[in-house]
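Colleague: I am new to this structure and would be grateful for a close look at a single part of it. Please begin with one residue and then describe its surroundings.

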Amino acid sequence: MTEDNYVGYEYPTYDFTVTEESLNRFMVAIGRQPSSATTPVAPPTYQKVIEGKGDSSRKILENLGIDLKRVLHAEQEFDYLEPITAGDRLEVSRRVSDHYFKKNGTREFLVVESEIRRALLPQILVGRSRQVLILRQI
């Protein structure tokens, strides 16, 4: 794939089941106590775990033919639209929504957007994220 047609690339949709163990590991990783609630609720940034299942971010770049040595993570935004709890079955879709240059073509950027929906009720959007990557010229 050439850089001219990065925009519109869609990574195959995949399912993700939220487990209490995964939520608790994430809570510890961000310095919080694991939840003692019977149905623990995920913090908004847990969406990064969901969208990263199976190294999907790395695979998107590999499928685009982008050398990982060129990539810097610039920014990430999350919209948390519905509570995510242990036991949820979710469906994740990811696509490249933008590719642009700045500073007379010396700075290259790639935008990857993700949508997370209920697997059994795909009309319900649970969350979405927008990730901006810098592609260095090396």
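Modeller: In this predicted model, Asp-79 has a relative accessible area of 33%; because that value falls between the 20% and 50% limits, Asp-79 counts as partly exposed. Asp-79 belongs to strand S2, which covers residues 71-80. Beyond its neighbours within four places in sequence, Asp-79 is in contact with Gln-47, Val-126, Gly-127 and Arg-128. Pro-34, by contrast, is 45 residues away along the chain, and its C-alpha atom is separated from that of Asp-79 by 23 Å.

Arg-130 forms one with Glu-75, with the closest N and O atoms 3.7 Å apart. This pair links strand S5, where Arg-130 lies, to strand S2, where Glu-75 lies, across 55 residues. Arg-130 is partly exposed at 27% relative accessible area, and Glu-75 is partly exposed at 37%. The side chains of Arg-95 and Glu-113 meet in another salt bridge, at 3.2 Å from N to O. Arg-95 is in strand S3 and Glu-113 in strand S4, so this pair ties together parts 18 residues apart in sequence.

How values were computed. Residues are numbered from 1 along each chain as its sequence is written. This is a predicted model: local features need pLDDT of at least 70, side-chain atom pairs count only at pLDDT 80 or more; totals for chains, interfaces and linings use all residues. Side-chain values use heavy atoms; hydrogens and water are left out. Helices (H or I, at least four residues) and strands (E, at least two) are DSSP runs, numbered from the N terminus. Buried means under 20% relative accessible area, exposed over 50%, partly exposed in between (1.4 Å probe, protein chains only). Contact means heavy atoms within 4.5 Å. A salt bridge is a side-chain nitrogen of Lys or Arg within 4 Å of a carboxyl oxygen of Asp or Glu.
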